[in-house]
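Please have the sequence and the structure open as you read.

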Amino acid sequence: MKNTMLGVLFFSLLILSAPSSSSSSSSSASEGVCIIGSGIGGSSVAHFLRKYSESELIRIRIFERQVVVGGRMATVSISGETFEAGASILHPKNYHALNFAKSFNLTIQTPSLDSDSSFGIWDGHNFLFKTLDLDFKFPFFKKILSLANSFLMFFRYGFSLFRMTNFVETTVDNFLKYYESFESRPVFETVDEMLTWAGLYNLTTRTLEEELLDSGLSPLLIQELVTVITRVNYGQSVSISGLAGAVSLAGAGDGLWSIEGGNWQIAAGLINSSHVELHLHEEIESISYLGDHYELNSTNGNSYPCEVTVIAAPLDEQNISFTPSISIPNRSLHHTHATFVRGFLNPAYFGVSTGSEIPTLVGTIESHDLPFSSISVLKQHSEKDAAYKIFSRKPMADALLDRIFSIRKETLRINWGAYPHYNAPERFAPFVLDGQHLYYVNAFENAASTMETSAVAAENIARLILSRSSGKTKSSSSNLKSSTSNTYDRHSDL
Ligand SMILES: Cc1cc2nc3c(=O)[nH]c(=O)nc-3n(C[C@H](O)[C@H](O)[C@H](O)COP(=O)(O)OP(=O)(O)OC[C@H]3O[C@@H](n4cnc5c(N)ncnc54)[C@H](O)[C@@H]3O)c2cc1C
């Protein structure tokens, strides 16, 4: 998959890795924090350790098995154009990501298709619902069209739409507690504690469907629109937990954004600015606790002594051997197949006579014979030429693609071990895996998997490391830098 990434990505990251050999050589061998994974989780741990640590000398190493940083924030190139392959959109209230973007002078973009986009719900035979798609050039008429589409939605789903919005807003408001200052926000030792404090834990114990029915949503809205959204965002049905579901629904709202050129630049910025020794293309295969420090061994044959070890990658499909062994609840990753096609959809497949009748986002309901979860236009090049992204639970075979597309010039496939297979009631692995100094950021991923939730979990892990390293295991943060340094600048002016 990484072979498909833009050359510029490799170039940028070579620059990024260059200082690694020269930095922090003054630290003693066993000192320091070793982080496994250079996604937003690992890079955020490094950032927050630097930000909150009183010691400038702390040595931080990041190990990344790929040749690039970013993990599931990655781009693909199709016909010379770059698109997000994994994590693509951020919510306007993702304040860590917003602050990172701002501090690294990254350019924020909002979806370019916003004004010209149309949406349809496909059941494998018919469109159950379609928004109007008229090519108005003037903003006034676009506004009228948008109002007409809101009316169409209301006509089909009624007041349930408002109840859905309330459910999402209440959850987002609770999540915002994670940006409160240190005075009111403790350091959390477990995921359960962290979720309970924010009033989010109960949502992980029941399915989204149960939560929404209790909130008064109609079964039609749940089976159609809500299902479409959970299938697009998590490839799964409304049987995911209420919390993962609320996060998924929040990811379908207004004001969504991304980083021009690729969200992976957030991780690159965090690593670059945190004076990290970056070991690219170095996979950690074993972690042994030797009484006073950990020894990490890599598949390159290298050994690294580390006082603190942080795992910032899902452990579900890993071959890391632990001595002594660790025990965490079973969890499996949901695989999402992302297929990118440059070409043109086949109107006959969708039972319409022209391509323009096919919505720019085709969502789907739960049905056994549906071979994909969604198809979206990434960029319309000309009337019969566009770049598309398809999400599916199984690989999209050539024969199938040849039925769905009338023109197919280029195809690219990625099989993502994408996010946890959500299963309410969720059981969470501990943040501290061995009671010592072995930490696990992605224990939080059972709550919800997003760039921001990784950053939020990473921030707590950084605080936990610093407070536990000084023997203070509860909410006291006296070894952290000024507690007010953590009050976030909340942007609402995207
Ligand atoms: C298709 C898809 C769409 C998504 N859409 C969105 C979205 O729109 N918005 C959103 O917010 N989130 C989205 N997500 C979820 C989001 O990508 C993740 O929640 C987030 O990026 C996880 O970051 P992380 O740092 O925790 O893990 P990762 O990004 O997975 O980083 C872990 C890193 O660790 C490395 N690694 C693993 N094992 C080892 C080892 N043994 N040694 C060395 N290195 C190792 C991996 O190579 C990887 O780079 C999406 C995910 C997918 C797959």
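## The model at a glance

This is a predicted model. The chain has twelve helices and 20 strands. It holds 494 residues, and buried residues make up 44% of them.

Among contacts with a separation of 6 or more, 74% join residues 24 or more positions apart.

His281 sits in the loop between strand S9 (277–280) and strand S10 (284–289). Its phi is positive, about 55 degrees, although His281 is not a glycine.

Ser79 is another such residue. Its phi is near 50 degrees, again positive in a residue other than glycine. Ser79 lies in the loop between strand S3 (75–78) and strand S4 (81–84). With 14 other C-beta atoms within 10 Å, Ser79 is partly exposed.

## Around the ligand

The ligand is surrounded by 36 residues. The closest are Gly37, Gly39, Gly41, Gly71 and Ala87. Several elements each give two or more residues to this shell: helix H2 (40–52), strand S2 (60–64), strand S15 (333–345), strand S19 (405–420) and helix H12 (451–469).

What is the shell made of, by class? It divides into 16 nonpolar, 15 polar and five charged residues.

## The nonpolar core

The largest nonpolar core has 127 residues. Val45, Val310 and Val441 touch the most other members. Helix H12 supplies the largest share of this core, nine residues. In soluble globular proteins, nonpolar side chains tend to be buried together.

Take Val441 as a worked case. Leaving out residues up to four places away in sequence, Val441 touches Gly41, Val45, Val310, Ile311, Ala312, Ser454, Ala457, Ala458 and Ile461. Val45 and Val310 are on that list, and both are also among the residues that touch the most other core members. Gly41, another contact of Val441, is one of the residues closest to the ligand.

## Glu459 in helix H12

Glu459 is in helix H12.

Beyond its neighbours within four places in sequence, Glu459 is in contact with Ser44, Phe48 and His96. Glu459 and Val187 are 272 residues apart along the chain, yet their C-alpha atoms are separated by 9.5 Å.

Two packed helices are described by the angle between their axes and the distance between the axes. The axes of helix H5 (residues 160–175) and helix H9 (residues 242–250) come within 9 Å and cross at roughly 105 degrees. H5 and H9 are therefore roughly perpendicular to each other. On the H5 side, the contact is made by Met164, Phe167, Val168, Thr171 and Val172. H9 contributes Ala246, Leu249 and Ala250. By class, the contact of H5 with H9 has seven nonpolar residues, one polar and no charged.

Helix H10 (residues 264–272) is largely enclosed by the rest of the structure, because eight of its nine residues are buried. The buried residues are Trp264, Gln265, Ile266, Ala267, Ala268, Gly269, Leu270 and Ile271.

## Cis prolines and a loop threonine

Pro324 lies in the loop between strand S14 (321–323) and S15. A cis peptide bond also joins Ala424 and Pro425, with omega about 0 degrees. Pro425 falls in the loop between S19 and strand S20 (438–440).

Thr360 is found in the loop between S15 and strand S16 (361–364). Thr360 is partly exposed, with 19 other C-beta atoms within 10 Å.

Conventions
Residues numbered from 1 in each chain as written. Predicted model: local features only at pLDDT ≥ 70, side-chain atom pairs only at ≥ 80, totals over all residues. Near = placed C-beta within 6 Å. Helix = DSSP H or I, 4+ residues; strand = E, 2+ residues; numbered from the N terminus. Nonpolar A, V, L, I, M, F, W, Y, C, P; charged D, E, K, R; others polar. Axes fitted to C-alpha atoms, helices over the stretch in contact; angles between N-to-C directions. Parallel < 35°, antiparallel > 145°, perpendicular 65-115°, else oblique. Contact = placed C-beta atoms within 7 Å. Core = buried A, V, L, I, M, F, W, Y, C linked by C-beta atoms within 7 Å. Buried ≥ 20, exposed ≤ 12 C-beta atoms within 10 Å, placed from the backbone.
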